[in-house]
Amino acid sequence: MQLHISPSLRHVTVLPGQGVREYIKVKVASRRVSCRMLIYSLLFFTFLLRFVFVLTAVDTIDGESKCSTLGCLGKKLGPRLLGRRLEPKVPDVMYQILDKPMSKDELQGRLDNIPQTLEDFMAEIKESKPDAKTFALKLREMVSLMEQRTRTAKIQEYLYRHVASSSIPKQLHCLALRLANEHSTNAAARLQLPSAELVPTLVDNSYFHFVLATDNVLAASVVAKSLVRNALRPQKIILHIITDRKTYFPMQAWFSLHSLSPAIIEVKALHHFDWFTKGKVPVLEAMEKDQKVRSQFRGGSSAIVANETEKPNIIASKLQALSPKYNSVMNHIRIHLPELFPSLKKVVFLDDDIVIQTDLSPLWDIDMNGKVNGAVETCRGDDKFVMAKRFKSYLNFSHPLIAENFHPNECAWAYGMNIFDLEAWRKTNISLTYHHWLEQNVKSDLSLWQLGTLPPGLIAFHGHVHIIDPFWHMLGLGYQENTSFVDAETAGVIHFNGRAKPWLEIAFPHLRPLWTKYINFSDKFIKSCHIRAS
């Protein structure tokens, strides 16, 4: 084979040994290029590629913890020249340091040297240019300090909310006192509720019967007013208000002076019920048991908050267990509705922290399919905090008594607005089951669940619940402020469950108007007690 290159370097002719003439045209630059330059160029690029390959490989040969001069250069230049990127790798020493927690005592001795903000931290790092180990140490100190401060702030918030929600606002105390005084001096404030001619309607099942158990006069007034104002047939509404002995006179005075006619309002104290005054009353026994359990929290809220080992959410649940409502007869009375209203077939039970925004008479048209309790389930919904509750959210499934009888992922439901089929209820042993499990929880030192009426309710009504549309009961308005006003306004019933009750100063400002719209702030009792819209 022979190779001939033309003088212009535009063609290369290849002559095979057999004499057959073939040629290959290779176009090069329009200017003249010498063969020597072409050869030198090829040699240079060949050497450069080999050099880059060596630089890239040296760092790997040296090991992960080393970086030679050639290796570092290869690591920096090689990927760029080859058109590829290397992912950054966190040194193992950083993981080792960050895995070791810092104690409070360790931090106390270094407070002056720990950056207080991210800006301070970055300025210090840029100035000192530390190695990976020093960087990790400084980062761990700063994060640990922020973590401890966040924990302290959370616990303080829980404590303040506990104090605010557990005490009676002076405005509500004032209202009860003024109404009690009015009851003693004004005959119009002592009317029989309802009047004698309307008493037979109290056991008439053609009416829509609602039950409200509360010792809060202002809250009761909002529930009653919102119920009647939004009813399409208010003349068919009967609201049975159950209260305690101390609140009976103020409650009677309020509804005697603030008629909601044509709706019928009954105000009754527990001691007026024959069933309640005879023999052994399970609800009172439950209160005594709760009182014994509450005594386990020696030192009260101060001792609970002082615990430095428990997580903030555990401390919050213990603080909530100290709430007076858990030792209130009003909190347990719903489990005895069949005994309290022996002539009624169906009732809707309402909590005092709700607002009704629609006509509730369609609830009587719901087919309960033989179930006892019509309730909204709380395991499905857009709100992943309020509407993500299952049995495992309330019950301790590490205890064999719970694990053997229930499933942790079973959907929970809510108290607050419930339809109770009393005829179906009387055929069950729900009330006995409720008190049996209360006793089991006390015997096990609260190892089955924390205090509250919903956990034993979930157990007692297990298998007896009919799920209703969530439109009828929107929850969480007292837990978190991210509930939008528009969403709340479109619900049939809204529930301020949680610590931020609408009558407290800690209520969420954008949601409180949904409650205050049913209060007449020009009323003489409201004005004299300085109860305001905001």
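**Close-up views**

View 1. Asparagine 186 counts as partly exposed because its relative accessibility is 23% (with a 1.4 Å probe and protein chains only, buried means under 20% relative accessible area, exposed over 50%, partly exposed in between). The model is predicted, so local features need pLDDT of at least 70 and side-chain atom pairs pLDDT 80 or more, while totals for chains, interfaces and linings use all residues. Residues are numbered from 1 along each chain as its sequence is written, and side-chain values use heavy atoms, without hydrogens or water. Asparagine 186 sits in the loop that runs between α7 (170-185) and β4 (208-213) (helices, H or I of at least four residues, and strands, E of at least two, are DSSP runs numbered from the N terminus). Its C-alpha is 9.9 Å from that of leucine 257, although 71 residues separate asparagine 186 and leucine 257 in sequence.

**View 2. The whole protein chain, for orientation.** Here is the setting for the other views. The protein chain holds 23 helices and 12 strands. Of its 534 residues, 44% are buried. Among the contacts in the protein chain with a separation of 6 or more, 71% join residues 24 or more positions apart (contact means heavy atoms within 4.5 Å).

**View 3. Helix α7 packed against helix α9.** The axes of α7 and α9 are 8 Å apart, at an angle of about 75° (axes are fitted to C-alpha atoms over the stretch in contact, and angles run from 0 to 180 degrees between N-to-C directions). The two helices, α7 and α9, are therefore roughly perpendicular (65 to 115 degrees; under 35 is roughly parallel, over 145 roughly antiparallel, the rest oblique). From α7 come Leu175, Ala176, Leu179, Ala180, Glu182 and His183, which meet Phe249, Pro250, Gln252, Ala253, Trp254 and Leu257 of α9. By class, the contact of α7 with α9 has 9 nonpolar, 2 polar and 1 charged residues (Ala, Val, Leu, Ile, Met, Phe, Trp, Tyr, Cys and Pro count as nonpolar, Asp, Glu, Lys and Arg as charged, the others, Gly among them, as polar).

**View 4. Helix α8 against helix α9.** Follow α9 (residues 245-257) to α8 (residues 217-229): their axes come within 10 Å and cross at roughly 40°. That makes α8 and α9 oblique to each other. On the α8 side, Val217, Ala220, Ser221 and Ala224 make the contact, and on the α9 side it is made by Thr247, Pro250, Met251, Trp254 and Phe255. Of these residues, 7 are nonpolar, 2 are polar and none is charged.

**View 5. Isoleucine 526 in helix α23.** Isoleucine 526 belongs to α23 (residues 524-528). With a relative accessible area of 1%, isoleucine 526 is buried. Beyond its neighbours within four places in sequence, isoleucine 526 contacts Leu218, Trp254, Ile519, Asn520, Phe521 and Ile531. Its C-alpha lies 9.9 Å from that of arginine 178, at a sequence distance of 348 residues. In the segment after α23, look for histidine 530, whose phi is positive at about 60° although it is not a glycine.

View 6. Isoleucine 264 is part of strand β6. Its relative accessible area is 5%, so isoleucine 264 is buried. Setting aside neighbours within four places in sequence, its contacts are Pro194, Leu198, Thr201, Leu202, Tyr207, Ile237, Ile238 and Leu239. Leucine 193 is 71 residues from isoleucine 264 in sequence, yet their C-alpha atoms are 8.2 Å apart. Most peptide bonds are trans. The bond from leucine 193 to proline 194 is cis, with omega near -5°, and proline 194 lies in the loop between α7 and β4. Serine 261 and proline 262 are also joined by a cis peptide bond, with omega about 15°; proline 262 falls in the loop between α9 and β6 (264-269).

View 7. Most residues other than glycine have a negative phi. Asparagine 369 has a positive phi, near 55°. This residue, asparagine 369, is located in the loop between β8 (354-356) and β9 (373-375) and is exposed, with 54% relative accessibility. Within α19, the buried residues are Ile430, Ser431, Thr433, Tyr434, His435, Trp437, Leu438 and Asn441.
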